Amino acid sequence: MSKVLVVGGGIIGLSSAYYLQQAGHEVTVVEKGSLEDNCSFGNAGMIVPSHFVPLAAPGMVEQGIRWMFDSKSPFYVRPSMDMALVSWGLKFLKKANRKHVDASAEPLRDLSLFSTILYQELAKQDGFDFGLHNNGILMLYKTPKVGEEELHMAEKAKGLGLDVVALTAAESQALQPDIRLDIAGAVHYRCDGHITPNALMRQLVSYLEGKGVKIMYNSAVDKIENKGGKITRVFAGDWSLTADTVVIAGGAWSPRIVELAGLNMPLMPGKGYSFMVDEPQQRMHIPALLMEARVSVTPMGDQIRFGGTMEIGPMNDKVNMRRVEGIVESIPRYFPDIRPALPAQNKVWYGFRPCSPDGLPYIGRSRKISNLVIAGGHGMMGLSLGPATGKLVAEIVSEVQPSISVDAFAPDR
């Protein structure tokens with residue numbers, strides 16, 4: 001049995017701890033804050049094999065420039081002379097091409113489908129009931145231009161073997177009979193699903209602690225000893241920790257942690273917002289993405305979670321209510337009977353998605369530090385890809401053949 005230290009208590013870190021413990025390792029998790037602090041707690045809860053196109057894609061640069069002049073837009077790169085942002089942006093520009101998108105589709109599909117299988121297995125385990133639904137996600141569109149784009153994407157998805165079907169407005173309405181839609185059409189990714197993320201996070205913590213995994217909250221890593229290409233000690237506040245293997249899964253904070261070990265990890269935080277609206281009638285049955293608005297809509301029990309925006313730039317703790325207004329105003333355009341009020345600022349959750357410049361996660365062992373494994377950079381798909389990443393981390397640490405290829409996700413690429 002080896003000792004493994006997992007840095008980060010989000011979905012990637014906890015999933016890694018789960019599969020590492022099952023593989024027989026002695027696991028400790030250190031988390032800089034509390035459970036509610038990380039991005040895994042307030043996200044849209046979507047499991048998305050449909051997301052096989054990385055953020056770095058043709059058209060994103062042009063679209064992003066247009067959106068930068070709209071204070072309510074769903075995507076924004078905060079102008080800054082921060083050199084990490086400049087470097088990230090140059091790498092993003094280099095990868096935003098068709099060749100990269102085509103090369104990324106199958107690795108992302110395989111990782112997503114593997115995660116879907118693991119979610120289904122996890123939901124059957126004692127102590128886990130996190131609201132897993134496998135009824136897909138509807139990509140709702142209102143304009144012919146976006147409709148054409150979505151239908152084209154659906155054909156690509158079919159070519160990748162994904163279960164997807166194009167729907168008319170009437171067919172979409174039939175799937176959501178209890179709530180009125182105002183759309184031109186939709187694409188139903190029946191391969192997708194959704195969960196209640198805060199339930200999953202709490203259940204993972206309960207399971208891990210019940211199995212003897214030590215989880216140390218409010219313990220930010222502030223020093224890492226690296227001698228001879230090997231991490232010998234990790235310091236977190238008053239704690240001095242040793243392990244045979246260190247897994248860095250610190251989400252958007254990973255670059256700072258990796259830097260303590262003497263490495264560079266191209267990653268920028270992408271701030272997103274979400275808020276909850278009571279829906280005691282539970283009229284919505286299938287989650288949706290509002291394509292023109294880039295807003296997610298997820299039913300969670302007797303509430304609906306609305307989420308959106310991607311603000312790329314250095315971290316800050318400010319809530320941009322203009323962007324929240326943009327989310328609120330978009331909802332009745334697709335669902336005329338849902339007209340939520342602008343939530344109070346203290347009711348708006350925000351989190352930082354860890355975005356790699358090429359839109360692919362980092363999963364693998366470092367070439368420069370022999371006992372370091374990196375798991376991060378999942379962008380908007382952290383929750384979706386959590387179990388697959390965790391399982392792969394456990395396989396890499398155990399030095400067994402990974403269930404799927406991780407070549408495309410090499411952290412030193």
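In the points that follow, contact means heavy atoms within 4.5 Å. The model is a predicted one.

1. S366 sits in the loop that joins β19 (362-365) and β20 (372-376). With a relative accessible area of 5%, S366 is buried, because the term applies under 20% relative accessible area.

2. Which residues is S366 in contact with, leaving aside its neighbours within four places in sequence? They are L263, L372 and D412.

3. E150 belongs to helix α5 (residues 144-159). Apart from neighbours within four places in sequence, E150 is in contact with M139, Y141, V187 and M291.

4. E150 is buried and yet has no salt bridge. The nearest side chain of opposite charge belongs to R294, 6.1 Å away; a salt bridge would require a side-chain nitrogen of Lys or Arg within 4 Å of a carboxyl oxygen of Asp or Glu.

5. On the surface, K91, K94, K95 and K99 gather in a patch of positive charge. Helix α3 (residues 83-95) supplies the largest share of this patch, namely three residues.

6. K99, also a member of the positive patch, lies in helix α4 (residues 98-123). Is K99 buried or exposed? K99 counts as exposed because its relative accessibility is 71%, and the term applies over 50%.

Terms used
Residues are numbered from 1 along each chain as its sequence is written. This is a predicted model: local features need pLDDT of at least 70, side-chain atom pairs count only at pLDDT 80 or more; totals for chains, interfaces and linings use all residues. Side-chain values use heavy atoms; hydrogens and water are left out. Patches are made of residues with over 30% relative accessible area and no salt bridge: like charges are joined within 9 Å, nonpolar side chains (Val, Leu, Ile, Met, Phe, Trp, Tyr) within 5 Å. Accessible areas come from the Shrake-Rupley method with a 1.4 Å probe; for residues, only the protein chains shown count as cover. Lys and Arg count as positive and Asp and Glu as negative; His and the chain ends are not counted. The place of a charge is taken as NZ of Lys, CZ of Arg, CG of Asp or CD of Glu. Helices (H or I, at least four residues) and strands (E, at least two) are DSSP runs, numbered from the N terminus. Buried means under 20% relative accessible area, exposed over 50%, partly exposed in between (1.4 Å probe, protein chains only).
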